[in-house]
Amino acid sequence: MITPEFIDDYNEPGLSRLTDEVAHAESVLDHGGLDAVAIIDEIARFPVAAPSWAVGTGGTRFGRFPIGGEPRDTFEKVDDVAALNALTGANRTISLHVPWDNPTDPEGLRAYAEERGLAFDAMNSNTFQDNPSTTENGNISYKFGSLGNVDEGARKAALEHNLAVIDLGQRLGSKALTVWLADGMNHPGQASFRGQLTRVADGLRQIHDQLPEDWLMFTEHKPFEPAFYSSVNNDWGSSVLLAQATGERCKCLVDLGHHLPNTNIEQVVSRVAMTGRLGGFHFNDSKYGDDDLTVGSIKPFQLFLIFLELLEVGGGRMPDLAYMIDESHNLKDPLEDLIQATDAIQHTLALALCVRRDQLTDAQNDNDPARAAEVLHRAFRTDVRPLVAEARLRNRGAIDPFTAYRASGYRAAKVEERGASSVATGL
Ligand SMILES: [Mn+2]
């Protein structure tokens, strides 16, 4: 475990320097008409969930290189997220993926997480692989789809799986279900576009009919993979249509990597928000496709513009949506990447909070794009690192969580405890 005492000791030598840096940043921001304390408040308040499947290494279809000491079950995944949260103070929930996570004692798992200061975020169902609920019945398979399959047995298995995930989530204290479907086609003419969309909408509506009153459900779009000719829920337009057909408490989840190259994602966010159906985010970054790289590592300015849209939706603060990191770590230590992802999210939020919205609106109303660019760039080039560190400190996290993690010896201890060749469940 990474204890608060370890964090305090690690922070101690850097405290007075941080105080000076925060004072300097406050004076710079004050000069620009910004309230640094309000920015620190918002960074400290904003949480982002960690997915259970990202504390192990992710593979590609060309192989997988386990890092050693990977969690062997969901309890150990909770341990890793607790270590992450001890360092960042911002990852206060964990999101499970069923049946990669299939706890036999949900109440025990819930108590175990609560003891470590964690709660359960949105539950993720999995009908993109055959799993125990389908293989028990030999003639049922998701090979040709789940909720959108022409085969009634496959549709029924997918519905029952989603209801079982909701039931498990209720026992864990979760309040949402995320449904990402692989349904689609690899070959033109393989299925009817209309038929698939109608069946998926019908299946989602049946799930929604049995959704607990205080729950939300999310549809998550993606243009391709594993279906390489068409996906049923391929883009934000289809996602909104499906959410509208499903019911009031069905919203759209935007996974940043689930867009074709050069898609204007900040505009997607704005549009979905205007329909009233924006429900949540999966943060990652990409160069070509669903690369699941570290959020903010490839297109940091795009992430900044996305946060700017979110702050507009929330009236100057982050709207109350489901935010989660969804990355795959092929090369880095997964915990180090999650630390860097959380830092990138907090850092970019701080930059977006530095935008003088009143000045931007004035420039827009004067048709002055150069002045609008000045407003954005002044914010984007602000050094907000001391504000982020101060917010982390306030949450009893580490001023510099990356170096604190390396100094903690956590990975080496886990290799010792769990073995050098343990492999976490997931893709
Ligand atoms: Mn996702």
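Asn367 is exposed, with 8 other C-beta atoms within 10 Å. The scale behind that word counts other C-beta atoms, placed from the backbone, within 10 Å of a residue's own: 20 or more is buried, 12 or fewer is exposed, and in between is partly exposed. Asn367 sits in the loop between helix H13 (357-365) and helix H14 (369-380). Its phi is positive, about 50 degrees, although Asn367 is not a glycine.

This is a predicted model: local features need pLDDT of at least 70, side-chain atom pairs count only at pLDDT 80 or more, and totals for chains, interfaces and linings use all residues. Residues are numbered from 1 along each chain as its sequence is written.

**The whole chain**

The protein chain has 17 helices and twelve strands. Its radius of gyration is 22 Å, close to the 22 Å that the globule rule gives for 427 residues, so the chain is as compact as a globular protein of that length. That radius is taken over C-alpha atoms, and the rule is 2.2 Å times the number of residues to the power 0.38. Helices (H or I, at least four residues) and strands (E, at least two) are DSSP runs, numbered from the N terminus. Along the principal axes, the C-alpha atoms fill a box of roughly 65 × 60 × 40 Å. Of the 427 residues, 47% count as buried. Take the contacts between residues at least 6 apart in sequence: 78% of them join residues at least 24 apart. A contact means C-beta atoms, placed from the backbone, within 7 Å.

**Two helix pairs**

Two packed helices are described by the angle between their axes and the distance between the axes. Here the axes are lines fitted to C-alpha atoms over the stretch in contact, and angles run from 0 to 180 degrees between N-to-C directions.

Helix H5 (residues 106-115) and helix H7 (residues 152-172) have axes that come within 8 Å and cross at roughly 45 degrees. That makes H5 oblique to H7. Angles under 35 degrees count as roughly parallel, over 145 as roughly antiparallel, 65 to 115 as roughly perpendicular, and the rest as oblique. Pro106, Glu107, Leu109 and Arg110 in H5 meet Leu168, Arg171 and Leu172 in H7.

Helix H2 (residues 15-31) packs against helix H15 (residues 385-394) at about 125 degrees, with the axes 8 Å apart. H2 and H15 are therefore oblique to each other. Leu18, Glu21, Val22 and Ala25 in H2 meet Pro386, Leu387, Ala389 and Glu390 in H15.

**Backbone details**

Which peptide bonds are cis? The table lists two.

| Cis bond | Omega | Loop holding the proline |
|---|---|---|
| Val98 and Pro99 | about 10 degrees | between strand E3 (97-98) and H5 |
| Glu225 and Pro226 | about 10 degrees | between strand E8 (216-220) and strand E9 (230-231) |

Asn262 also has a positive phi, near 75 degrees, and is a residue other than glycine. Asn262 lies in the loop between strand E10 (250-255) and helix H10 (265-274). With 6 C-beta neighbours inside 10 Å, Asn262 counts as exposed.

**Around Val313**

Val313 belongs to helix H11 (residues 300-313). Val313 is partly exposed, with 16 other C-beta atoms within 10 Å. Leaving aside neighbours within four places in sequence, Val313 touches Ala273, Leu278 and Pro319. How far is Val313 from Asp291 in space? They are 27 Å apart, C-alpha to C-alpha, and 22 residues apart in sequence.

Terms used. Contact = placed C-beta atoms within 7 Å.
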